[in-house]
Structures are given as C-alpha cells and as structure tokens.
Amino acid sequence: MMQEILTGAKPSEVFRQIIAADPTINNRRLAEILMEEFEELSGEAVQLVWHWKGPGKTQGIADENLDALLFPVFQEAGYL
C-alpha cells in the first residue's frame, strides 16, 4: 500500500487507509512500515511520522504539513 505514495498519493492518506484497515496501528508502527518499504529514506522520515497527528493523538503535525515535509525526503532518497 505504501507504494501508492510513489504514484502521487499523499502519505497522510495512505497512512489513514492503513489505520482504517487496522485501527490498532500507531505512529511508531507506521514509521516502521514506511522504513521497511523505503529503506533509503532518512531518519527524518521516521521522526516526521512519529510527530504526525495520527491515530489517537490530539497534537502533532497536521496531514498537509506531513505531506509537504515528507515529499522532499522521498526526493532526496531518490524515490520521486
């Protein structure tokens, strides 16, 4: 499912689809899945996902900000 990001899907939308399929998933696990699928991403991607206002969080990075911050990380890693 994470591969959808490479075809233009917003990371936050992909993450929310994963959460809808498994509501027990948290930001830490999302970051692990992201790094498993995209091994060349920097640790910055992990930190951004950890700080994202994801499942059960009332504070954190908003969806649109996460997307805007993650796309350059994907570009730097050569994925986009």
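In the predicted model, Arg 29 has a relative accessible area of 32% and is therefore partly exposed. The side chain of Arg 29 meets that of Glu 32 in a salt bridge, with an N to O distance of 3.1 Å. The two residues lie three positions apart in helix 2, so about one helical turn separates Glu 32 from Arg 29. Glu 32 also forms a salt bridge with Arg 28, at 3.7 Å from N to O. Here the spacing is four residues within helix 2, which again means a separation of about one helical turn. Glu 32 has a relative accessibility of 35% and counts as partly exposed, whereas Arg 28, at 56%, counts as exposed. Through shared partners, salt bridges join Arg 28, Arg 29, Glu 32 and Glu 36 into one network.

The structure holds four salt bridges. One of them pairs Asp 63 with Arg 16, and the closest N and O atoms of this pair are 3.0 Å apart. In general, side chains of opposite charge can pair when their charged atoms come close.

Asp 63 and Arg 16 also take part in the packing of helix 1 and helix 4. The axes of these two helices are 8 Å apart, and the packing angle is about 115°. On the side of helix 1, the contact involves Pro 11, Ser 12, Phe 15 and Arg 16; on the side of helix 4, the residues are Asp 63, Leu 66, Asp 67, Leu 70 and Phe 71. Sorted by class, the contact of helix 1 with helix 4 contains five nonpolar residues, one polar residue and three charged residues.

A further packing arrangement concerns helix 2 (residues 27-37) and helix 3 (residues 43-50), whose axes come within 8 Å and cross at roughly 155°. An angle over 145° counts as roughly antiparallel, and helix 2 and helix 3 are therefore roughly antiparallel to each other. The crossing of helix 2 past helix 3 is right-handed. Helix 2 contributes Asn 27, Arg 28, Leu 30, Ala 31, Leu 34 and Met 35 to the contact, while helix 3 contributes Ala 45, Val 46, Val 49 and Trp 50. By class, eight residues in the contact of helix 2 with helix 3 are nonpolar, one is polar and one is charged.

When residues up to four places away in sequence are not counted, Asn 27 touches Val 49, Trp 50, Trp 52, Gly 54, Pro 55 and Lys 57.

Methods. Residues are numbered from 1 along each chain as its sequence is written. This is a predicted model: local features need pLDDT of at least 70, side-chain atom pairs count only at pLDDT 80 or more; totals for chains, interfaces and linings use all residues. Side-chain values use heavy atoms; hydrogens and water are left out. Axes are lines fitted to C-alpha atoms, for helices over the stretch in contact, and angles run from 0 to 180 degrees between N-to-C directions. Angles under 35 degrees count as roughly parallel, over 145 as roughly antiparallel, 65 to 115 as roughly perpendicular and the rest as oblique. A crossing is left-handed if the near helix is turned anticlockwise from the far one by less than a right angle, and right-handed if clockwise. Contact means heavy atoms within 4.5 Å. Ala, Val, Leu, Ile, Met, Phe, Trp, Tyr, Cys and Pro count as nonpolar, Asp, Glu, Lys and Arg as charged, and the others, Gly among them, as polar. Buried means under 20% relative accessible area, exposed over 50%, partly exposed in between (1.4 Å probe, protein chains only).
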